[in-house]
Amino acid sequence: MMKTFLSKMFTKKEKIQIEFCQNNLDRFLNEQTLAVYGKFLTNPRIQYKEYECLSECKLCNTTPYAKVNGQIMSGENTQDLLNQLQNILK
């Protein structure tokens with residue numbers, strides 16, 4: 001009974017599904033940002049997957065982006081995108 005009460009009081013936050021385009025990652029990530037993204041993606045609330053292509057070619061050619069829970073999120077650069085991704089965890 002106590003376990004049920006506590007689990008209701010401290011509900012787990014939802015997992016966040018992030019999809020990346022491999023072509024976009026290759027275009028915009030470098031060694032420095034790759035390490036920072038790798039650390040970010042170890043968060044247990046994040047489920048991520050890389051696809052060869054997400055069919056967002058116009059966007060892919062101009063800016064780093066990801067699909068977060070099915071919605072496109074883009075940044076001016078890779079650090080801006082990462083900052084936005086980190087904000088959704090809050």
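Predicted model: local features only at pLDDT ≥ 70, side-chain atom pairs only at ≥ 80, totals over all residues.
Me: Before I look for disulfides here, what counts as a disulfide?

Reply: A disulfide is a pair of cysteine sulfur atoms within 2.5 Å. Residues are numbered from 1 along each chain as its sequence is written, and side-chain values use heavy atoms, with hydrogens and water left out.

Me: OK, how many disulfides does the count come to?

Reply: Zero, by that rule. The sulfur of Cys-21 has its closest cysteine sulfur in Cys-60, but the two are 4.0 Å apart, too far for a bond.

Me: Are Cys-21 and Cys-60 buried or exposed?

Reply: Buried means under 20% relative accessible area, exposed over 50%, and partly exposed in between, using a 1.4 Å probe and protein chains only. Cys-21 is buried at 2%, and Cys-60 is buried too, at 6%.

Me: Next, aromatics. How many aromatic pairs are there?

Reply: In general, you describe a pair of aromatic rings by the distance of the centres and the angle of the planes. Rings of Phe, Tyr and Trp (its six-membered ring) pair if their centres lie within 6.5 Å; planes under 30 degrees apart are stacked, over 60 edge-to-face, and the rest tilted. This structure holds one pair. The ring centres of Phe-20 and Tyr-37 are 6.4 Å apart and their planes sit at 70°, so the pair is edge-to-face.

Me: Where in the chain are Phe-20 and Tyr-37?

Reply: Helices (H or I, at least four residues) and strands (E, at least two) are DSSP runs, numbered from the N terminus. Phe-20 is in strand β1 (residues 16-21) and Tyr-37 in helix α3, 17 residues apart, so to speak linking distant parts of the chain. Phe-20 is buried at 2%, and Tyr-37 at 4%.

Me: And Thr-33, which residues does Thr-33 touch?

Reply: Contact means heavy atoms within 4.5 Å. Leaving out residues up to four places away in sequence, Thr-33 touches Phe-28 and Thr-78. Thr-33 is found in helix α3 (residues 31-40) and is buried, with a relative accessible area of 13%.
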